[in-house]
Amino acid sequence: MRVDSTFKIAFRALRRNKLRSVLTALGIIIGVGAVIAMVSIGNGAKAQVEQQIASLGENVILIFSGSVTSSGIRTGWGNAGTLKIEDAEAIRREVPGVIAVSEEVISTSQVSAGNQNWFTRIYGESPEYFDIRKWPLSDGANFTSQDVRSANKVCVIGRTTASQVFGSESPIGQILRIKGVPFLVTGVLTAKGLSPQGTDQDDIVIMPYTSAMKRVIGGSTLRGINVQVATPNDLAPAQQQITELLRQRHNIRSGRDDDFTVRNQQEIAETATATSRVMTLLLGAIASVSLVVGGIGIMNIMLVSVTERTREIGVRLAVGAHGRDILTQFLIEAVTLSVIGGAIGILLGLGASRMLSVFAHWPTLISIPSIIAAFFVSAAVGIFFGFYPAREAARLDPIEALRYE
Amino acid sequence: MAENGVVVRLEDVHKTYHTGEVEVHAVRGVSLEIGRGEFVAFMGSSGSGKSTLMNLLGCLDRPTEGRYLLDGDDVSGLDRDQLADIRNRKLGFVFQSFNLLARTSALENVELPLLYGESRLTNAELHARAIQVLAAVGLSGREDHHPSQLSGGQQQRVAIARALINNPEVVLADEPTGNLDSRTSTEIMDIFQKLNDRGITIVMVTHEPDIAAYAKRNIVMRDGAVQSDRAVTQRLTAESEMRKLAALP
């Protein structure tokens with residue numbers, strides 16, 4: 001039997017029952033469309049989170065000052081003041097692979113300029129902070145190491161703070177009063193948007209950490225240290241060495257807990273994307289159910305079709321068709337339905353996810369692998385659910401089939 | 001190859017069906033020969049075994065005992081696919097209920113056996129051959145008609161064309177006029193007689209004696225065995241019968 005005539009016969013059979021073919025394919029169309037659209041929603045959410053994580057900077061290790069227990073009261077991360085400026089310098093000096101270190105203190109405060117005031121976050125950092133976070137200035141100039149050494153009263157401010165305090169005026173060269181201390185605004189940062197936790201990262205004042213410690217916050221310990229290493233491969237060894245270095249410096253005997261926490265960016269990213277990965281899986285799984293239902297629809301119609309065309313099968317067998325020819329014919333019919341359905345479903349899914357991002361403003365991300373997978377899955381659905389009816393057809397006895405009423 | 005021009009040779013053929021615990025001996029020891037160019041009509045009441053014998057002759061079924069030589073080759077031991085190839089190459093089928101594929105043109109119906117054959121014809125050659133065979137049964141110009149657009153007699157002619165397309169050794173017709181009125185039946189018999197005149201072997205099952213009278217040899221079956229086997233003495237010719245019918249008021 002010739003391959004082209006098998007295809008011809010199968011296509012003709014599908015054309016003879018156009019409405020039925022379309023309705024049967026609809027199950028697969030909806031199934032594949034749903035999978036593509038749902039997975040694109042999940043991927044979109046994941047990509048958004050990943051983008052936010054990337055805004056932390058590349059190859060970053062974050063060290064938080066630890067919690068201490070004092071009279072049974074545990075203070076929580078960052079509040080114990082276990083990290084010293086010397087610790088940061090030691091890291092800078094001794095840990096290989098480290099390319100930038102920024103000492104960090106954080107506070108919140110009311111700030112004012114002229115007749116405007118605003119409650120915002122005050123970050124004390126080193127000048128390297130802006131490189132670590134890949135956060136350039138949009139206007140003005142950064143503070144310098146000299147400013148850090150002299151604890152100068154200078155600061156750069158985020159976009160939100162700038163517009164809240166200075167309105168449409170340029171903040172560069174203006175005086176911003178923080179807890180009554182006048183600071184010279186030297187620069188405005190580019191907008192960075194929301195953090196993975198949903199806080200506005202642009203609502204910020206950043207100044208040399210020495211200035212923050214001496215003039216705004218007080219105290220002599222750091223809340224945290226931001227460290228950047230050269231390559232992703234340096235992350236794990238650097239993290240290890242920082243831990244060892246700090247334990248040694250803090251005289252922590254083995255067996256005792258660290259009084260600090262070291263996290264690298266990958267760990268943070270994994271935690272943050274776990275949710276969206278679960279969501280993608282869940283949405284995909286639900287959509288896959290409809291694909292299976294579509295497959296059962298194909299099986300149902302193919303079984304009906306085999307019963308209905310019993311005589312036709314009998315005639316084909318009588319004039320010389322092998323069981324294999326009949327099997328192939330019905331299998332091709334099923335696979336054609338599911339593959340055409342799959343192709344239309346892919347278009348539908350692409351359209352749906354586009355609509356979702358345009359009209360509902362949901363982040364969607366079409367992944368090529370999911371399209372390829374959907375296509376092959378729909379073909380597999382056709383083979384899987386088409387095989388049983390096709391085999392039933394192929395096994396028919398020609399005499400019985402010809403006599404079938 | 002066939003000796004003495006014998007196309008069909010049955011040697012003590014039995015066919016027994018097992019339905020539950022009951023054994024049905026549908027055919028019990030039939031031996032016969034059909035020569036090339038014969039026109040045989042099998043007759044008999046229902047249950048006489050003529051349909052079972054027809055299925056055996058048509059290689060749709062295998063005998064439980066005995067040998068069946070078709071065109072000199074023993075086909076009694078062949079498997080399902082080998083039988084399918086034999087049916088495709090050596091046999092043509094005409095059924096009582098035509099069994100044409102619905103919503104498929106006459107041309108495509110006629111081409112059907114070629115699709116399953118070993119021939120490596122181009123589509124154009126396929127069409128040319130189908131058109132030629134359709135013309136031979138008087139259906140020129142109706143190649144594109146679907147079965148629903150054709151009368152019963154025309155549908156049966158399409159079926160005959162389909163049976164002829166592979167130049168079979170034997171054309172097997174199972175009650176070919178069972179669903180047709182007498183005038184159309186005569187027309188179909190006319191086609192059969194003309195095909196037979198061209199040397200095509202025809203084996204037909206019928207329970208109508210006046211249809212059997214168009215054949216050259218009548219075999220009457222009873223209880224799974226041959227009751228009588230004789231040449232038709234007063235043979236009807238379809239052509240003269242049609243003239244008589246035309247003369248009627």
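**Entry 1: conventions.** Two strands pair if DSSP finds at least two bridges between them, and I take helices (H or I, at least four residues) and strands (E, at least two) as DSSP runs numbered from the N terminus. I am working on a predicted model, in which local features need pLDDT of at least 70 and side-chain atom pairs count only at pLDDT 80 or more, while totals for chains, interfaces and linings use all residues. Residues are numbered from 1 along each chain as its sequence is written, and chains are lettered from A and ligands numbered from 1 in the order in which they are written.

**Entry 2: the open sheet of chain B.** I looked up the strand order and found 4 strands in an open sheet, β2-β1-β4-β5 of chain B, with antiparallel pairing. Its edge strands, each pairing on one side only, are β2 (22–35) and β5 (73–74) of chain B. Between strand β4 (residues 65–70) of chain B and β5(B) I find 2 bridges in the antiparallel sense, and B:Leu70 has B:Asp73 in β5(B) as its bridge partner. Helix α1 (residues 50–57) of chain B packs on this sheet and touches β1 (6–19), β2 and β4 of chain B, its direction making about 60° with that of β2(B); such angles run from 0 to 180 degrees between N-to-C directions, with axes fitted to C-alpha atoms, for helices over the stretch in contact.

**Entry 3: B:Cys59.** I located B:Cys59 in the loop between α1 and β4 of chain B. B:Cys59 counts as buried because it has 25 C-beta neighbours inside 10 Å; the cut-off for buried is 20 or more other C-beta atoms within 10 Å, against 12 or fewer for exposed and partly exposed in between, with C-beta atoms placed from the backbone. Not counting residues up to four places away in sequence, B:Cys59 touches B:Val75, B:Leu83, B:Ile86, B:Arg87 and B:Leu91, where contact requires C-beta atoms, placed from the backbone, within 7 Å.

**Entry 4: strand β8 of chain B.** I next checked β8 (residues 201–205) of chain B, which is mostly covered, with 5 of its 5 residues buried. B:Thr201, B:Val203 and B:Val205 point one way from β8(B), and B:Ile202 and B:Met204 point the other way. Strand β3 (residues 39–43) of chain B pairs with β8(B) in the parallel sense over 4 bridges, and strand β7 (residues 170–174) of chain B runs parallel to β8(B) with 5 bridges joining them. From β7(B) the chain crosses through helix α6 (residues 182–197) of chain B to β8(B) in a right-handed β-α-β crossover, that is, clockwise from the first strand over the helix to the second with the strands pointing away from the viewer.

**Entry 5: a hairpin.** I found strand β9 (residues 217–222) of chain B joined by 6 bridges to the antiparallel strand β10 (residues 225–231) of chain B, with B:Met221 opposite B:Val226. The two strands form a hairpin with 2 residues between them, and B:Asp223 in the turn has a positive phi of about 50°.

**Entry 6: the interface.** I noted that 19 residues from chain B and 18 residues from chain A make up the contact. On the side of chain B, α2 (80–90) and α3 (106–115) are the elements giving two or more residues, and α2(B) has the largest share, 6 residues.

Key: Two residues are in contact if their C-beta atoms, placed from the backbone, lie within 7 Å.
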